[in-house]
Amino acid sequence: MRATSEAELAELILGATAPFAIRGGGTRLVGPKAGDVLETDGLSGISLYEPGALTMVAGAGTPISEIEVALSAENQRLAFEPSDLRDVLGTIGESTIGGVAASNASGPRRISAGACRDFMLGVRFVDGAGNVVKNGGRVMKNVTGYDLVKLMSGAHGTLGVLSEISFKVLPDVEMQLCLRLEGLEADMTVAAMSAALGSAFEVSGAVRDVDGAVLLRLEGFEASARYRAEQLRSVLAPFGEITVIDDQVICEDLWRDIRDARAFAGGGDLWRISVKPSDAPAVLEVIQPEKAMLDWGGGLIWAEVASGKNVRAKMGVAGHATLMRASDTSFAKLNRFHPEPAPLAKISAGLRARFDPKSLFNSGLMGDAL
Amino acid sequence: MDMPRPDSIVLSRKAELVSHLLDILPEDAVIHDEVETRAYECDALTAYKCPPLLAVLPRSTAEVSSVLRICHEMNVPVVPRGSGTSLAGGALPTADCVILGVARMNDVLDTDYPNRVIRVQTGRTNLSVSGAVEEEGFFYAPDPSSQLACAIAGNIAMNSGGAHCLKYGVTTNNLLGVTMVMMDGEVVEIGGAHLDSGGLDLLGVICGSEGQLGVVTEATLRILHKPEGARPVLVGFDSNEVAGACVSDIIKAGVLPVAIEFMDRRVIEVVENYAQAGYPLCEAVLIIEVEGSDAEIDAQLSLIRAIAERHNPVEFREAKDADEAARIWLGRKSAFGAMGQINDYMCLDGTIPVSSLPMVLRRIGELSIEFGLDVGNVFHAGDGNMHPLILFDANKEGDLELCEAFGAEILKLCVEAGGCLTGEHGVGIEKRDLMSVQYTPEDLAAQMAVKDVFDSKWLLNPAKVFPLDVSELRRAPMAAE
């Protein structure tokens, strides 16, 4: 199934009788494999871009690459750094803004700039009864009614099919610097990242890579970035001596690889785990990953573990774990999304029943209870 | 302002309700004397008043849960209240409601600097959250202008913003988790010190739901280290258009100030008379604040100066020291008070795309002449969040109604320009009946469906946000039961 306009999309959904999977660019592999596929690539195109107001409006099927080209011409960017997971998930195709929004895909800058959901200003979508619904708008501050924009962001299509997204963009930066710190134990890497993130020096990325090195990113006008790098040298002195990388190409590649979790390309079960940063070392200790990277200052663990291992059962701390990549056997045994506590699962199920009364959208993808 | 007819059954069961509440709360936490309930008859939208049936002041999540269980059982509407600073009537009672005030729940539960979060009870005031962490150099970023008084509970309910949200975002961007009591008394935990949701983003829809989905009793908030310093500049222009263009150029240039505030001629004149801040008497003044080390501030300000000079400002004043910085902010900070000295005023809160600023300001000027009411504009220009202040005389017959009609026209104008009815104050009762200007019946039905799920009897703050005729069928079964 394919819609080339919102009206067509609404008609399709109104007439649908069997569940289907929603597909933007197909790069994130989240939809269920069963059922028909509804393609959103026909709902494509940037309809509004006001660089002076930092806002863009685009059809849900608009490729991220097209958006990035338009933004880069005005020296702006998507500050939440949506990941390109094609390498790590072994997918092809073009990531779309609708897919990014539906999965709340946020990269390393999530800790400073915010998540995808924080940049979404408005949505248009078609609910399961075929109603076209809009929420939010294209202005940066908007508390007019309930914030269904947030609800749709990260709903993975289970509440409606997005047709249009308005979002906030930010200026690109003059330069970035990467600070590197080596030879620390896991708990000390998190402590070092916390010290940097808890400083006044606006760190926009804090990672412990798969080899155990701590990488910090500073961005902005050159003089400012260099000043802050020197300040952080003293802040981090108790943890060791930092090396500053200022080659822009090296820095960009490095953070792109982190964003896209490329160190995990071509392996087994891959988990993305959100925890309180200081809990990360303990989680690593109990899940014993074959390979792990800590992003978000420790708050996001990317972990490759033995096939079929239930990371959620072992975590032992508050947070959630999403199974990003696994064999069919592992997926059959472990749900993709973290089951919710019963009272929340009940609310979520209630919302799905109201927004998708015929259970059409990505049925069974989310919503398990603990 | 229409409000639903009080439920006569609820009114007739007041004594029974009081008795149930006194079983679970200490005597001083149940306010049912008709003189004392008057303290809760309105919030900061003082044009509308109605004493509640009674008010309760619980001290714990467990007490809130017990109160809600009783009210749910007896079909009594509940209006949650933080500090009562809402400008939109978010905490306005109905005669048949229980006001649930969280003011006594104001403890800091946990401060966690390594993870950059603080856990508080939601009756705590906004400013005292920053106060609790300032010794370590941290702060809580959202800064509504009522921050000395307003409670985190209300900030979450209204998704409050502030002058510095251009850089730091509004409440929803700084809220990581809540403990919330559902209308039937069930206590739910959502989010925490970790980021984002593993399932649906329920936290995202709870923030800004105006106390209609549950009563938030505890919150985990993101805290940040304070910048090394901050410095404002004042730039005067001889036209609104040029000031608007300057804002747009600054943003396009890649500088992201923490605040860009705008005042028009009417406001400048009034604050000069009132506070003598030494502002230039011109058509528009911008106050732009940047942060960082001294050198970083100098660099940003020289860029801003270069951009501003392309627009021929009548004045560009940089603060040389803390005293001058305070003087630059003095006028802006006293603007509302100064306007209040002249007359009563109504403060609107529509948001527009920054590019529409000149058109919207011009049209507001025309409307001011049509309605014969004076208006001043002071607002957050960086994000297009306007605050037109319409002056009127509350003692003059018909003036309030005229002012409301004028306000409605301005808000419609904001929506037409691609903006919205409210950027940070919330809908409450004030903008309730204009919701249909911005949203279609389907749009509103989708929002109301969320309330159906959280509060199936529509007992929580039921007469707010949605036009009464639109929500009538949902509210009706409750009265009929």
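The model is a predicted one, and chains A and B meet through 70 residues of chain A and 74 residues of chain B. Chain A is assigned three domains, and chain B is likewise divided into domain 1, domain 2 and domain 3. Here is a friendly tour, topic by topic.

**Where the chains meet**
- On the chain A side, 70 residues are in contact with 74 residues of chain B.
- Among the elements that give two or more residues to this side of chain A are α5 (116-119), β7 (132-136), α6 (148-152) and α7 (186-197).
- Further along chain A, α8 (222-235), β14 (270-275), β17 (319-325) and α13 (342-355) also give two or more residues each.
- The largest share comes from α13(A), with 8 residues.
- Sorted by class, the side of chain A that touches chain B holds 30 nonpolar, 26 polar and 14 charged residues.

**Domains of chain A**
- The assignment gives domain 1 as 6-171, domain 2 as 175-259 and domain 3 as 262-333.
- Between domain 2 and domain 3 of chain A, the C-alpha centres are 23 Å apart.
- These two domains touch through 14 residues of domain 2 and 14 residues of domain 3.
- On the domain 2 side, α7, β11 (203-208) and α9 (248-259) of chain A give two or more residues each, and α7(A) gives the most, with 7 residues.
- That domain 2 side divides into 8 nonpolar, 2 polar and 4 charged residues.

**Domains of chain B**
- Here domain 1 covers 108-225, domain 2 covers 230-336 and domain 3 covers 343-427.
- The C-alpha centres of domain 2 and domain 3 of chain B are separated by 22 Å.
- Contact between them involves 19 residues of domain 2 of chain B and 14 residues of domain 3 of chain B.
- At least two residues of the domain 2 side come from each of α9 (240-252), β13 (259-264), α10 and α13 (335-342) of chain B.
- By class, this domain 2 side has 12 nonpolar, 3 polar and 4 charged residues.

**The largest nonpolar core**
- This core has 268 residues, and Ile301(A), Val98(B) and Leu286(B) touch the most other members.
- α7(A) supplies the largest share of the core, 7 residues.
- Beyond four places in sequence, the contacts of Leu286(B) include Val235(B), Ala243(B), Cys246(B) and Val247(B).
- Leu286(B) is also in contact with Ile260(B), Glu261(B), Phe262(B) and Ala381(B).

**A closer look at Ala275(B)**
- Ala275(B) belongs to helix α10 (residues 265-275) of chain B.
- Ala275(B) counts as partly exposed because 18 C-beta neighbours lie inside 10 Å, whereas a buried residue needs 20 or more.
- Leaving out residues up to four places away in sequence, Ala275(B) touches Leu330(B), Gly331(B), Ser334(B) and Ala338(B).
- Phe316(B) is 41 residues from Ala275(B) in sequence, with 20 Å between their C-alpha atoms.

**A five-stranded sheet in chain B**
- The 5 strands form an open, antiparallel sheet in the order β5-β6-β10-β8-β9 (chain B).
- β5 (108-112) and β9 (187-191) of chain B are the edge strands, each pairing on one side only.
- On average, neighbouring strands are turned by 10 degrees against each other, direction ignored.
- β5(B) pairs with β6 (residues 117-121) of chain B over 4 bridges in the antiparallel sense, and Asp110(B) has Arg119(B) in β6(B) as its bridge partner.
- Helix α4 (residues 126-133) of chain B packs on the sheet, touching β5, β6 and β10 (215-222) of chain B.
- The direction of α4 of chain B makes about 130 degrees with that of β6(B).

Technical notes
Residues numbered from 1 in each chain as written. Chains lettered and ligands numbered in written order. Predicted model: local features only at pLDDT ≥ 70, side-chain atom pairs only at ≥ 80, totals over all residues. Contact = placed C-beta atoms within 7 Å. Nonpolar A, V, L, I, M, F, W, Y, C, P; charged D, E, K, R; others polar. Domains from an automatic or database assignment. Core = buried A, V, L, I, M, F, W, Y, C linked by C-beta atoms within 7 Å. Buried ≥ 20, exposed ≤ 12 C-beta atoms within 10 Å, placed from the backbone. Pairing = 2+ DSSP bridges. Axes fitted to C-alpha atoms, helices over the stretch in contact; angles between N-to-C directions.
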